[in-house]
Amino acid sequence: MGQGLWRVVRNQQLQQEYSEQCFLQREQQRRRRAGPLLSEPLPPQSRRTPQCQVPGSDIGQLLRARKAKDPQGFIDLDMLPPELSITILSYLNATDLCLASCVWQDLGNDEYLWQGLCKSTWGHCSIYNRRLPPGFSYRKLYMQLDEGSLTFNANPQEGITYLMSKGILVDHPKEIAKFIFYTRMLNWKMLRIYLDERRDVLDELVTLHNFSNQFLPNALRDFFRHIHAPEERGEYLETLITKFSHRFCACNPTLVREVGLTPDAVYVLCYSLILLSIDLSSPHVKNKMSKREFIRNTRRAAQNISEDFVGHLYDNIYLIGHVAA
């Protein structure tokens, strides 16, 4: 609601400013054509600003007008719609944002903008669902979230503890899993260490994935995009594939019934897909596995799976690439 009102006000300001600029340019052209007869200033009653038609969605035209007005071509973010300003500022880190807020002071003091930056970078925090106290500052919250994320990337347990101490996160596996799932700036190596230690958080994180109507290799890619696979085969990788297999079957009951998939069968297929991905993508493997070999080897371990289904799995890896890259 607040951003919508701000956008309306900004568009009105842009239209008024652009209209004044149009009027001044037309007036200068008219004076040059008329000569010295119009060199004296206009009377007050004739200084009316015409209504220039400026479409609100033509951002490029407004930016060109701002650039033409400023000889250095400097674009003021204050004059942009809030959604565009948030998108631009979301690429800055906390230090650069503090510097930017010193230049654009109106933006630096705008709580709606800092709220948008917080929620676009950290999609879920427990504090979002609480009644905020008077004087609450999203700018301060952004700095605390940034500090907590940087601490997590150095020491995961200390980072989570810091966020809990500030009241940003609740000490519950589901809340921590949501924070991890909707946050884009956590180091994947540290995240893997943390999830290996906190299996309760890992369980909640797996349940946040929805694999409905997804082809198995694509679902596995989506899974490893959030929960990175370890570099070596071990107990942690087996745990990940086991949890993925049960979640995939739970999300696709129709496929389980029609194709005959079970969690054990999906477990075998996942390992086959990982091995096939390594075989086809590794430059050290000269004799690549053929489609016929993949079908034969896979059906030995998963006999209930049809040959056509296994063949489609091979085609997907061959055309799209590694499932855990």
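Modeller: Gladly! Buried means under 20% relative accessible area, exposed over 50%, and partly exposed in between, with a 1.4 Å probe and protein chains only. Keep in mind that this is a predicted model, where local features need pLDDT of at least 70, side-chain atom pairs count only at pLDDT 80 or more, and totals for chains, interfaces and linings use all residues. Residues are numbered from 1 along each chain as its sequence is written, and side-chain values use heavy atoms, leaving out hydrogens and water.

Colleague: Which residue forms a salt bridge with Asp 203?

Modeller: Side chains of opposite charge can pair when their charged atoms come close. A salt bridge here is a side-chain nitrogen of Lys or Arg within 4 Å of a carboxyl oxygen of Asp or Glu. The partner of Asp 203 is Lys 243, with the closest N and O atoms 2.3 Å apart. Lys 243 lies in helix H13 (residues 235-251) and Asp 203 in helix H11 (residues 199-207), so the pair ties together parts that are 40 residues apart in sequence. Lys 243 is partly exposed, with a relative accessible area of 22%.

Colleague: How many salt bridges are found in the whole structure?

Modeller: The search finds six. One of them joins Asp 222 and Arg 225 at 3.3 Å, N to O. Both of these residues lie in helix H12 (residues 216-226), three residues apart, about one turn of the helix. Asp 222 counts as buried at 18% relative accessibility, whereas Arg 225 is exposed at 54%. Salt bridges with shared partners also link Asp 196, Arg 199 and Glu 235 into one network.

Colleague: How many helices and strands does the protein have?

Modeller: Helices (H or I, at least four residues) and strands (E, at least two) are DSSP runs, numbered from the N terminus. This protein has 17 helices and zero strands.

Colleague: How can I check the span of a helix such as H7?

Modeller: The expected span is 1.5 Å times one less than the number of residues. Helix H7 (residues 138-154) has 17 residues and should span 24 Å; its end C-alpha atoms are 24 Å apart, which agrees. Its buried residues include Tyr 138, Leu 141, Leu 145 and Phe 152.

Colleague: Is Val 323 buried or exposed?

Modeller: Val 323 is buried, with a relative accessible area of 2%, and its place is in the segment after H17. Contact means heavy atoms within 4.5 Å. Leaving aside neighbours within four places in sequence, the contacts of Val 323 include Pro 217, Phe 224, Leu 273 and Ile 317. The C-alpha atoms of Val 323 and Leu 273 are separated by 7.2 Å, although these residues are 50 residues apart along the chain.

Colleague: And is Ile 320 buried or exposed?

Modeller: Ile 320 is exposed, with a relative accessible area of 54%, and it sits in helix H17 (residues 307-320).

Colleague: What percentage of the protein's residues count as buried?

Modeller: Of its 325 residues, 41% count as buried. For contacts with a separation of 6 or more, residues 24 or more positions apart account for 63%.
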